Amino acid sequence: MIKQNTIPIIILAAVLFVSSAYAYSHKRYSYFCKKAIREYKKIIRNPGSWLVLGLSEKGTPIFYREFGSGNNVTLIIGGIHGDEPAATVSVIELARFLQRNPTAICEKTILVASINPDGLFAVTRTNSRGVDLNRNFPADNWSAEFVKSYNNPGKKPASEIETRLASELIIKYKPQLLIHMHQPFNTLYANKYVPAKLSEEMSKITGLPVKEDVWYPTPGSMGSYAVSGGRKIPVITYEMGPIDKQPDYNAIIVSLITAINSTGNNQK
């Protein structure tokens, strides 16, 4: 039997344990955010083959790269939410791999390191104007209503420079596959236009389950925009794991290359 006067000690120990675990988690998250920021700043200092798509609201360059050739285009966009560090690093890591191994893909690929660099530097989901870019696209389902401040969709569709730049890429390249990188839901959300075979292959490579939709409304999202106005673009919302853990970038790269090379095959 536990003595009554020992209960406060046990409770205090539990509180200290939980607090310590949280502090450790926050420390790791901070480390990964700083790493993502360093990686992006390296591109700013030495862009090499990265090209400037445009400037963010605060004047930060938004970079993209082209790999491969052909009529089938895969568009991969990183860092739409600035507080999801692996969403930026994963695209940069893929670009490095393709730089070293250009023959790994047989289709044209457009990579955007981070469409929201201001959010990346500030470690915020939103851009520098407090707008959630993934609610700001001029999709058929855009809505001005929101509950949480971090889901602020902006005053009107495509009110944000970053949103317009991403939209222009989609219009220009008419991708056969659009992938946007996220954390932390550990799932591949593939819309109904994504071939089932591809989803299954990517799931086997990464261990991530496949679902068609997230469990909550996402009006004005990039995925919604890709299927608005008669468009039927296959979209994968690539949700990596927890924000305080480093994902398996090797598996991510292999899965993305598999996706890129699938665009020439229309079988479902």
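First, a term I needed: a charge sits over a ring if NZ of Lys or CZ of Arg is within 6 Å of the ring centre and within 35 degrees of the ring normal. I kept in mind that this is a predicted model.

**Entry 1: charges over rings.** I looked up Lys 41 and found its charged end over the ring of Phe 121, 5.4 Å from the ring centre. Then I checked Arg 65, which lies over the face of Trp 50 at 5.8 Å from the ring centre. Phe 121 turned up again in an aromatic cluster with Tyr 40 and Phe 63.

**Entry 2: ring pairs.** My count of aromatic pairs came to seven. One of them is Phe 137 with Tyr 225, a tilted pair with 5.8 Å centre to centre and 35° between the planes. The two are 88 residues apart: Phe 137 is in the loop between α3 and α4, and Tyr 225 is in helix α6.

**Entry 3: another pair.** Next I looked at Phe 185 and Trp 215, with ring centres 4.7 Å apart and planes at 65°, so I wrote down edge-to-face. Phe 185 lies in the loop between β5 and β6, and Trp 215 in the loop between β7 and α6, so this pair ties together parts 30 residues apart in sequence. I noted Phe 185 as partly exposed, at 30% relative accessible area. Trp 215 counts as exposed, at 60%.

Note on methods:
Residues are numbered from 1 along each chain as its sequence is written. This is a predicted model: local features need pLDDT of at least 70, side-chain atom pairs count only at pLDDT 80 or more; totals for chains, interfaces and linings use all residues. Side-chain values use heavy atoms; hydrogens and water are left out. Rings of Phe, Tyr and Trp (its six-membered ring) pair if their centres lie within 6.5 Å; planes under 30 degrees apart count as stacked, over 60 as edge-to-face and the rest as tilted. Helices (H or I, at least four residues) and strands (E, at least two) are DSSP runs, numbered from the N terminus. Buried means under 20% relative accessible area, exposed over 50%, partly exposed in between (1.4 Å probe, protein chains only).
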